[in-house]
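Please look at how the parts of this protein are laid out and how they meet. The explanation below goes from the domain contact to the annotated spans.

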Amino acid sequence: MPELKRLWLLFRPYRGWMIAGFAVSLLTLLANVALLAVSGWFVTTMAIAGASGVALSYLAPAALIRASAIARTVGRYLERLISHEATLRQLAGLRVWFYQHLEPLAPARLQQYHSADLLSRIRADIDALDNLYIRVLVPVLVALTAGAGLFVFAALYHLQLALLLLGMLLLAGGLLPWLGRRLGAAPGRRLAHTDTQLRQLAIDGTQGLAELLVYGAADDHARRLDAATAALIADQDRMSRLAGMSQGAVGLSANLTLWGMLWLGIPLVADGALAPPQLVMLALLALAAFESVAGLPLAFQQLEQTLTAARRLFAIVDAKPAVPEPAGPSPVPQNHALHIRDLRFSYPSANGQASRPALDGIDLDLSEGARIAIVGATGSGKSTLFHLLLRFWAADSGHIRLGGADIDAFHGEDLRRHIALVSQQTHLFDASIRDNLLLAAPEATQGHLEAACRTAQIHRFIEALPEGYDTWVGETGVRVSGGQARRIAIARALLRDAPILLLDEPTEGLDAATERALMDALHQLMQGRSTLMITHRPMALADMDQILVMDQGRIVERGTHSELLGARHYPRLLGLDAGIDSGIHGPLDAA
């Protein structure tokens with residue numbers, strides 16, 4: 001199983017904790033076995049000594065019993081403490097490791113994955129990996145070590161009894177886990193996938209409830225949700241039944257071993273080959289020894305679910321980024337002008353072949369401090385151009401130069417330090433306003449935050465909140481309005497202080513008053529920066545130095561607003577073609 005090897009390598013930084021957890025678990029088990037076995041020997045010996053009138057010192061065995069009891073109690077506590085510390089460190093490290101591999105794949109390589117699927121992998125699948133350490137690695141090592149040690153100890157008294165103990169331990173710790181693995185493999189795999197499907201359906205139903213109701217699909221979606229829930233419960237029920245049967249089988253094995261020890265040992269006592277206290281000690285030792293294998297059937301029953309989770313993680317980690325990073329250091333641009341020549345790009349289709357070009361021979365020059373707007377119908381290539389400027393995708397041909405250097409020579413993070421993006425879909429994390437702002441500049445002071453928010457015309461709103469900048473915005477910024485979220489994004493872009501600004505429909509969907517306030521904030525943001533803006537809003541187009549009209553991946557018209565009013569595509573895109581003679585364009589010109 002290559003997944004186990006890879007996971008073991010990933011656990012390298014935490015092996016000290018893992019070894020400590022194994023050592024404490026082993027000592028705790030041995031203390032428990034010693035407590036039961038020595039207690040049986042001691043009680044039997046004292047009974048025989050009392051019946052025969054023989055004097056016997058009880059100090060040493062009593063001290064050993066007390067020490068075993070204390071060691072077991074302390075060991076249980078330390079076992080939980082150390083094993084949980086090791087597990088939590090592993091899970092935290094795995095999440096960081098997974099995110100570090102996930103981030104370079106966005107957005108190109110992640111488009112095929114549902115957001116709920118990614119959430120399930122980074123949360124549920126990584127959580128499932130804790131079974132490997134707590135329920136597989138440590139129990140197997142403890143079972144092998146303790147089983148071998150107890151067999152040797154029992155063999156010192158009688159080999160036949162020791163072989164009985166070893167055989168039953170192999171049955172309960174080998175055959176039963178193998179059967180559990182075989183029987184639990186199929187439902188374990190289904191559980192991992194059904195859990196993801198259920199999470200996807202739940203998120204889709206919550207986020208898209210309005211659309212489901214409008215199109216009358218809510219009942220159908222509810223039936224799919226019920227079907228996934230029923231499938232999940234059915235597989236959980238199968239796993240629970242297997243767990244109950246395996247635990248019962250281990251208990252049966254332990255009791256059969258106890259009876260077998262007595263059945264074989266009583267004749268040995270009668271023949272004088274074994275002392276009565278020794279038989280009691282070995283019988284109780286055998287009973288306690290099954291604690292070492294009690295958890296193995298359940299662990300191996302759930303192993304397939306753990307391995308399935310690991311495969312799902314490795315499937316993403318092993319994916320190659322769409323845009324490879326250069327080998328050498330990023331160049332230092334001479335200036336912050338953008339020059340694009342003959343840029344061509346096609347998104348890969350489902351069969352791997354190139355589809356219709358999204359960009360087909362784009363030429364564009366954005367000098368320092370210039371403002372250029374891009375308009376075009378949906379699918380004309382506007383957002384694709386932004387994706388290529390940010391190195392989310394790599395161009396098929398042509399080149400983009402920043403300050404004289406090809407952007408392919410920049411590392412993605414280095415390039416994006418020169419570019420700030422304010423998107424139509426502003427994302428705020430489920431954190432405070434302060435935390436969301438500090439993403440752009442972690443070292444920013446309170447004064448810097450307030451200055452940026454004043455420029456973005458959001459400071460008064462934040463200041464009026466009971467908790468001010470420490471106000472929690474909720475998941476995806478649900479506790480603030482769309483206009484407020486975008487002004488927070490503008491403040492974040494100001495804190496980033498990048499010389500090139502990309503604006504993707506920043507005022508789309510806002511009412512007139514909010515749009516006007518946001519445009520005032522954007523004008524402040526654009527001061528001294530090279531700006532490339534995707535928009536169809538007349539208020540935003542009025543102050544642009546140049547407007548580019550895109551259609552089917554090409555720039556079909558260029559010019560200022562007044563120059564393009566008589567063009568073919570531009571008035572139609574703005575809804576002005578039917579109103580040029582009726583004064584619709586007058587307010588736009590006046591703006």
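**Domains and their contact**

Domain 1 and domain 2 bury about 390 Å² between them, with 57% of it on carbon and sulfur atoms; buried area is the accessible area (1.4 Å probe) that two parts lose on being put together, summed over both. The model is predicted: local features need pLDDT of at least 70 and side-chain atom pairs count only at pLDDT 80 or more, while totals for chains, interfaces and linings use all residues. Residues are numbered from 1 along each chain as its sequence is written, and side-chain values use heavy atoms, with hydrogens and water left out.

On the side of domain 1 that touches domain 2, three residues are nonpolar, one is polar and one is charged. Here Ala, Val, Leu, Ile, Met, Phe, Trp, Tyr, Cys and Pro count as nonpolar, Asp, Glu, Lys and Arg as charged, and the others, Gly among them, as polar.

Domain 1 covers 2-318 and domain 2 covers 338-574, with bounds from an automatic or database domain assignment. Five residues from domain 1 and four residues from domain 2 make up the contact, meaning heavy atoms within 4.5 Å. The domain centres, taken over C-alpha atoms, are separated by 52 Å.

The unreviewed UniProt entry annotates "transmembrane region" at residues 46-67, 132-155, 161-180, 248-266 and 278-300; such annotations may be inferred rather than shown by experiment, and positions follow the numbering used here, with feature names shortened. Residues 161-180 are 100% helix and 0% strand, with end C-alpha atoms 28 Å apart. Helices (H or I, at least four residues) and strands (E, at least two) are DSSP runs, numbered from the N terminus. Residues 278-300 are 74% helix and 0% strand, and their end C-alpha atoms lie 35 Å apart.
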